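Colleague: Hi! Could you walk me through this one, in simple words?
Modeller: Happy to, let's have a look together.

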Amino acid sequence: MGAASNTTESPTALKRIPHDLAVALDPEELDAHDRHWTPLKIAIWSAISLLGGLSWVMLAVVRGETVNAIWFVFAAICTYLIGYRFYSKFIEKHIIRPDDRRATPAEYKADGKDFAATDRRVLFGHHFAAIAGAGPLVGPVLAAQMGYLPGTIWIIVGVVLAGAVQDYLILHFSMRRGGRSLGQMARDELGVIGGTAALIATLVIMVIIVAILALVVTNALAESPWGVFSVGMTIPIALFMGCYLRFFRPGKITEISIIGFVLLIAAIIGGGVVAGTDWGQTYLLLDKVTIAWGIILYGFIAAILPVWLLLAPRDYLSTFMKIGTIGMLAVAIVIIRPEISVPAVSEFASSGTGPVVAGTLFPFLFVTIACGALSGFHALIASGTTPKLIQKERQTRFIGYGGMLMESLVAIMALVAALSIDRGIYFAMNSSPALTGGTVQGAVAFVNSLGLTGVNLTPDMLTDMATNVGEESIVSRTGGAPTLAVGLSHIMQQLVGGTSMMSFWYHFAIMFEALFILTAVDAGTRVARFMLQDSLGNFFPKFKNTSWRPGAWAATAIMVAAWGAVLLMGVTDPLGGINTLFPLFGIANQLLAAIALAVCMAIVAKRGLFRYLWVVALPLGFAAVVTISASFLKIFSTTPGIGYFAQNRAFSEALAAGETSFGTAPSVEAMEAVVRNTMVQGVLSIVFVVLAIIVILTALQATWNAYRKNSSATSEDDAVQSQTYAPAGFIMTPPEKVLQAEWDALPVHKKIKIKGH
Amino acid sequence: MTLLAGVRKGARGVVWYLKGILGEDAYEKYVAHHAALHAAGADDGTDGAAPHPLMTEREFWRDQTDRQDANPQGRCC
């Protein structure tokens, strides 16, 4: 079974043993090893299944007063292990069909720079650092309003059946095509119309994603001198690091990252001191609009500065912080094991009137949590750097599927952190100022009026928490980041430092999220700028030259203006910003996933694998139904809280009737702002959904054509004989160990065989 | 293996991993690639072009960030 596929897909005769040693394991031997169930193996997998099953029972069936956070972690890890061992193996065997006799781009295009074979474990960390950012930390926090169970199920089941499948397929398909980008693959597989629609959709989606990430940072830094100081200090720290690497000690990345990290901690501690001074209160206590303008200006300057000065050094810092903090949070959750008193499914899941994000569980849970379960943005990473660094074909399962499972675990931990704080405080922080009035009294009155069982918020709880975390106020700190920071500080202070350290941990968490987001904003603007220049170049050839300064600056300015406008719209929105805009972020991300999966489906169909098409069709169908129905609700719903145009109509009619305040908008200007914002949001929703439908239809057509013609035309690069060997997974299997030992024993001069000519 | 040797091996592993993830080993990989090309007798350079002289460490890192300037990579949300 396994061997038959190799001959049909590799036209040239590839050898398993080209020279001295085998470059691939014998498929029969591999298969035999997988099928050979020793008693130990059976015992281990039985234990994993039992623990996983027990955890799900504790989460979903047992209804106590509280549920311990450790069950979330066990349920997640056991399910991931089972999904990885069985489902991803199934996909590997029937759809991916890797062939280690084939050289990867890192081997046949090796240049020692962009195409360079990288150790699988290192590349796993690399890939993880590139895909995981603020997304999996924010979405689950906002979705916590529906209770803990819906979010948990979607994150864990979603990643196994959808998110990790998408990442795995895109990574492998891109690798087979020399590291081609998603946009190029869409054009190859779906033709000009589908390809162009995919390209425009990607560009628009990128703008939205950058804007909403920037909105999250703005909300976290507004009215917070401490946050503004410590996050602001990351800029001079990164500049210093950049100069150090450029002029003083090139290449000493670990060294400077450790120095940078120490400076970062000093900046967090210094922020506490500065926030206590009059000077800090006068100059750093900034409102949202000022911060938003600051980020827009920063985004423009950062995107035109050379990479070495700001982007690259901050990227090192962000990677350093990411791996460290996530590891730290995981350890803390396992040791502290917080008790969670949030109901499994809250009243807002069915009523759709939740103050954090409007809408019922279906479809809005699935767009509120995108990253961590299914994230289309990953398709851009999995078809970018990573495929050019893979050593052997069989490693894509570990890196693509496994990397996404890790991100999902981050999302679960963010969910646990958000669930561990008091539910009253959660709603006071995440309800928009329009509902709470932005005051402690207003927040207490609003949250208690929600009539949630077990919630009895008092003003002291809010002021005490604000004092503990070193903020002026924690009322209406929407966007998810401050809530996660409170959750993280709540957990970490039990491990290190007690209440007096809470303010440090809070600002540590804010800094950690701001670092990712600023890197994503800067990198996103650059990528979008290149995409725009490439498109404009079709009409004005001069734009194609990306080193032409005026063109580069103009394209950067256009992209920054685009996301800046959405950001300002969110910041000044009388309806609250995050709760109206966040669904747009999720919808955009999921539509990108639908586009990526549509491309995958066309490829799988063209390979003639119709029996297994459901593996792709299942997540594609789900993503399409969720995003299209969410978009339609946003466009056509007559409930003003949900439908953009319904809201638009309500406010327009109020204005026409000569009213001077309506709903949460206190003035005519505010009402006009709502009319303007809802129109923009509604039009964006229409653009997204139309583009996505075009892409999906072209993919269906490509699939149908492939079925009818029964053709196996492939857009893969030609197969090249591999000359090297490396194991596939994190841990070597016994057959891999044997072969690896033979390679290790080989004299050095025989190991590397480069095709010279 | 004594305890000390074990700890040393573990520490070396951590440093190796950290350097790998941050990309500090990029120059070593480039030098190794260059040496392999040389050993394989590809002095005439690939595609018949003039041979590329080995870049110094400083040149290599400048070249690397310049390539990132010309070919930006996204960071995910």
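**Where two helices cross**

Colleague: Is the crossing of helix 6 of chain A and helix 1 of chain B left-handed or right-handed?
Modeller: Right-handed, meaning that the near helix is turned clockwise from the far one by less than a right angle. Helices here are DSSP runs (H or I, at least four residues), numbered from the N terminus. This is a predicted model, where local features need pLDDT of at least 70, side-chain atom pairs count only at pLDDT 80 or more, and totals for chains, interfaces and linings use all residues. Residues are numbered from 1 along each chain as its sequence is written, with chains lettered from A and ligands numbered from 1 in the order in which they are written.

Colleague: Which residues make that contact?
Modeller: Helix 6 of chain A brings Arg121(A), Val122(A), Gly125(A), His126(A) and Ala129(A), and helix 1 of chain B brings Tyr17(B), Gly20(B) and Ile21(B). In contact means that the C-beta atoms, placed from the backbone, lie within 7 Å.

Colleague: Switching topic: how many residues of chain B are in contact with chain A?
Modeller: 34 residues of chain B are in contact with 52 residues of chain A.

Colleague: And which elements of chain B give two or more residues to that side?
Modeller: Helix 1, helix 2 (26–39) and helix 3 (57–70) of chain B. Helix 3 of chain B gives the most, with nine residues.

Colleague: What is that side of chain B like by class?
Modeller: It has 16 nonpolar, 10 polar and eight charged residues. Ala, Val, Leu, Ile, Met, Phe, Trp, Tyr, Cys and Pro count as nonpolar, Asp, Glu, Lys and Arg as charged, and the others, Gly among them, as polar.

Colleague: Back to the helix pair: what does its contact have by class?
Modeller: The contact of helix 6 of chain A with helix 1 of chain B has four nonpolar, three polar and one charged residues.

Definitions and conventions:
Contact = placed C-beta atoms within 7 Å.
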